[in-house]
Amino acid sequence: MEPRAAFRYPNFRLYITARLLAIVSSEMISVAVGWQIYSLTHRPLDLGLVGLAQFAPGILLFLFAGHTADRHPRQAILKFCYIGFALCAAALLGFSLHGIAAAWPIYAVLLFNGVIRAFQGPASQAFLPQLVAVEDFPNAVTWGSSFSQTATILGPIAGGLIYGFASSPVPVYACTLIGYCGAVLLLWAIRPNIASHTKAEQPVGVVLDGIRYIWRSKLILGCISLDLFAVLLGGATALLPVYASEILHTGASGLGLLRAAPGVGAVAVALLLAHYPLRRRAGLSMLYCVFGFGVFTMVFGRSHSLALSLLALMLTGAFDMVSVIVRATLIQLATPDEMRGRVSAVYMLFVGASNQLGQFESGITAQWFGTVPAVVLGGAGTIAIVLAWNWLFPSIRKVDRLAPS
């Protein structure tokens, strides 16, 4: 397979650039919101509520969002979602310009942001196969993941540096508003040439087809539930403001570096896999890498050195990227196009649970046991999940090739 095969498609180039801008903007907001809320309340639990506010709408809306992605043009859904993200950035900018003394208005915006994310996730996942030919889809997933992780590097660094330099979230939110507007314009320029097989009328019962399909496919169920529980337990992202402020003493700029570190490792692995894709034993590679994710989460939890903390976080990102690429490729290639929205909705709910709900879990455990024990116990829990899933879902370790033969 040609290492840059996906870039032959103009639509793909437009899409990943729009996605890059959107994710950079989202990551900048995450840094600014986390630092702003912790400055207001000084409670780790409130950092966990940031994740819960963004995840809760997805629980209520994921079935409807997936059904919507299968009944309506996915490109149009994404346009509305990116416009919604821009409105959220504008609201946060307005609050900060007028001064804010309580965290609840920020949580209100995050709830609305969570509603938008519930629709954006399935549409985005299901839209990518319409942009490239099936034989180039694994390459598109790898490069898409690489660009996404590049955004997770640029966003936190930019957000942290701008916040630290200005001592205010105002310029951060202004930049994110511009970024989202640019993403909308790029999406408008896409002209998909691979048709989506959506249906105008579908019975209500098909809304549940995504859940039924995943339940019947034990391989896919095992892959996405592995990610759910591993990252739910092992994710330390929500507690990074506490590490930056009270353990590593690095301030807002250091928080940006900590947020970016997993992305550095992830991009390095994604670029490597784009040129040297996994050809054999993809399932075992995923299990080994999730195990490594847990190990280096524990290393980060115990670290009081900025250099060691950055290295540990980079390695967690590197290991996680292998799992991301294997999961995304398996799910999209194994799902018929007319069902991709509903299946992707369930998948994105799992991803949201592992990330946003994981932030809430981290905030709760840190409030109960302390920040360092919460992170270390989470890493140990991830290791235990890998061992259990190796036994419960033997089909995972039997996955060999990802690309079509």
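Reader: What makes the pairing of the Ser-309 and Ser-303 side chains a polar contact?

Author: The two side chains approach to 2.9 Å. A polar contact is a pair of N or O atoms within 3.5 Å; within protein, one must be able to donate a hydrogen and the other to accept it, and residues adjacent in sequence count only if both atoms are side-chain atoms. The value of 2.9 Å therefore meets the cut-off of 3.5 Å. This is a predicted model, in which local features need pLDDT of at least 70 and side-chain atom pairs count only at pLDDT 80 or more, while totals for chains, interfaces and linings use all residues. Residues are numbered from 1 along each chain as its sequence is written, and side-chain values use heavy atoms, with hydrogens and water left out.

Reader: Why is Ser-309 called buried?

Author: Its relative accessible area is 0%. Buried means under 20%, exposed over 50%, and partly exposed in between (1.4 Å probe, protein chains only), so Ser-309 counts as buried.

Reader: How do you know that Asp-136 and Arg-8 form a salt bridge?

Author: Their closest N and O atoms are 2.9 Å apart. A salt bridge requires a side-chain nitrogen of Lys or Arg within 4 Å of a carboxyl oxygen of Asp or Glu, so the pair qualifies. The structure holds 1 salt bridge.

Reader: Which parts does the pair tie together?

Author: Asp-136 lies in the loop between helix 4 (104-127) and helix 5, and Arg-8 in the segment before helix 1 (10-41), so the linked parts are 128 residues apart in sequence. Asp-136 is buried at 5% relative accessible area, whereas Arg-8, at 47%, is partly exposed.

Definitions and conventions: Helix = DSSP H or I, 4+ residues; strand = E, 2+ residues; numbered from the N terminus.
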